[in-house]
Amino acid sequence: MVAEELELHSLDDVGPATRQKLTEAGILTILDLVVRGPSEISDVVGVDINRAAELCNKARTKLVEMERLDRDFVPASEIYTKRMAIDRISTGSTNLDELLGGGVETQAVTEFYGEFGSGKTQICHTMCVTVQLGKEAGGLESSAIYLDTENTFRPERIYSIAESRGLDPHKALQRITVAKAYNSAHQEIITGELGNVVEKEKTKLIIIDSAVAHYRAEFLGRATLSERQQRLNKFMHLILRTAETYNTAVVVTNQIQSAPDVLFGDPSKPTGGNVVAHTSTYRISLRKAGKNRIARMVDSPCHAEREMVFMLGQRGIDNPSEETATKRE
Ligand code: GTP
Ligand code: MG
């Protein structure tokens, strides 16, 4: 159930007709108004952009009053206190957590990129389990949403990761909501509706594996490149606003081909990747090193650019030494 004060009719200037149009577009609360933003609201309701911006601003002001969003002008000391208290989710490997400054942050978009088999999907699966653990074990006693665009979500993998991390595997599966996106337009619709599931399930983690695959497949060649970038840019901003407004962690994956570059296919491939890069709060590159994987923090506003080693095992993501020591594989 959505709290009464978050409902659309709590804003005086949302009349019944406007409310109906918004509801039909999956915009059910004032949080959604802020997440979707003026240009989409203007399209949905059929009002000009200024009117839509006014509506979004009113929604924002209300959320600030409710202390669900920060005020426009805030002392740095207050931001510091809040950042120290920000929730983090363990990746499953203390090495990788250390690289991230204690785990994946809520209210941010964390991007894992790397070539095939570098462990992106395994990180996603592991985090769906670790988010459910108690705080002492690096979790938030919360649930996860998995947006699967490449049909690589495997419940049996969750089962074994949960079991080996001491959780009841059936209960762990119940706390993961999966949405399959069949194309980029579908991916955008689902993403727009994420907020409602987050609010209902009190979810702290949204996974998007992969964020870019559909865009790459659908917008091939130079002719459609700018449209691809625009759509991807809009998509990335939507998930960033979702992370901030709903206080969740968002993890996205992005497949990058390793150098030397491909001989065939789209030579402009990295460009789509750059759009993602500019919007992600944190970016971690992954590469294979035999059985191990090396993660590097790239372009972070507050982390040193350094590397850490982890591995993929029965427990999902793990530290290499622990895995070797327990010989579980
Ligand atoms: P793409 O989606 O193709 O770009 O790759 P990715 O980065 O998502 O790779 P993914 O996370 O799927 O990693 C695949 C690797 O994980 C495999 O090569 C295996 O080494 C490892 N892996 C997958 N399942 C298991 C498992 O059950 N046990 C162990 N030990 N390793 C596994
Ligand atoms: Mg994958």
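This is a predicted model: local features need pLDDT of at least 70, side-chain atom pairs count only at pLDDT 80 or more; totals for chains, interfaces and linings use all residues.
Start with the layout. Where they touch, domain 1 contributes 11 residues and domain 2 contributes 10.

How much area is buried between domain 1 and domain 2? About 860 Å², with 53% of that coming from carbon and sulfur atoms. On the domain 1 side, L31, V35 and R36 lose the most area, together 55% of what that side buries. Helix α2, residues 30-36, supplies the largest share of that side, 5 residues. By type, the domain 1 side has 6 nonpolar, 3 polar and 2 charged residues. The count of salt bridges between the domains is 0, while 6 residue pairs are in polar contact.

One is D72 with R60, at 3.4 Å from N to O. D72 sits in the loop between α4 and α5, and R60 in helix α4. D72 is exposed, at 62% relative accessible area, and R60 is partly exposed, at 29%.

Next, R88 and E105 meet at 2.9 Å. R88 is in strand β1 and E105 in strand β2, so the pair ties together parts 17 residues apart in sequence. R88 is partly exposed at 23%, whereas E105 is buried at 3%.

Then E111 and R283, 3.0 Å apart at their closest N and O atoms. E111 is in strand β3 and R283 in strand β8, so this pair joins parts 172 residues apart in sequence. Buried or exposed? E111 is buried, at 0%, and R283 is buried too, at 10%.

Last, R287, R296, E305 and E307 are linked in a salt-bridge network.

Definitions and conventions: Residues are numbered from 1 along each chain as its sequence is written. Chains are lettered from A and ligands numbered from 1 in the order in which they are written. Side-chain values use heavy atoms; hydrogens and water are left out. Contact means heavy atoms within 4.5 Å. Buried area is the accessible area (1.4 Å probe) that two parts lose on being put together, summed over both. A salt bridge is a side-chain nitrogen of Lys or Arg within 4 Å of a carboxyl oxygen of Asp or Glu. A polar contact is a pair of N or O atoms within 3.5 Å; within protein, one must be able to donate a hydrogen and the other to accept it, and residues adjacent in sequence count only if both atoms are side-chain atoms. Helices (H or I, at least four residues) and strands (E, at least two) are DSSP runs, numbered from the N terminus. Ala, Val, Leu, Ile, Met, Phe, Trp, Tyr, Cys and Pro count as nonpolar, Asp, Glu, Lys and Arg as charged, and the others, Gly among them, as polar. Buried means under 20% relative accessible area, exposed over 50%, partly exposed in between (1.4 Å probe, protein chains only).
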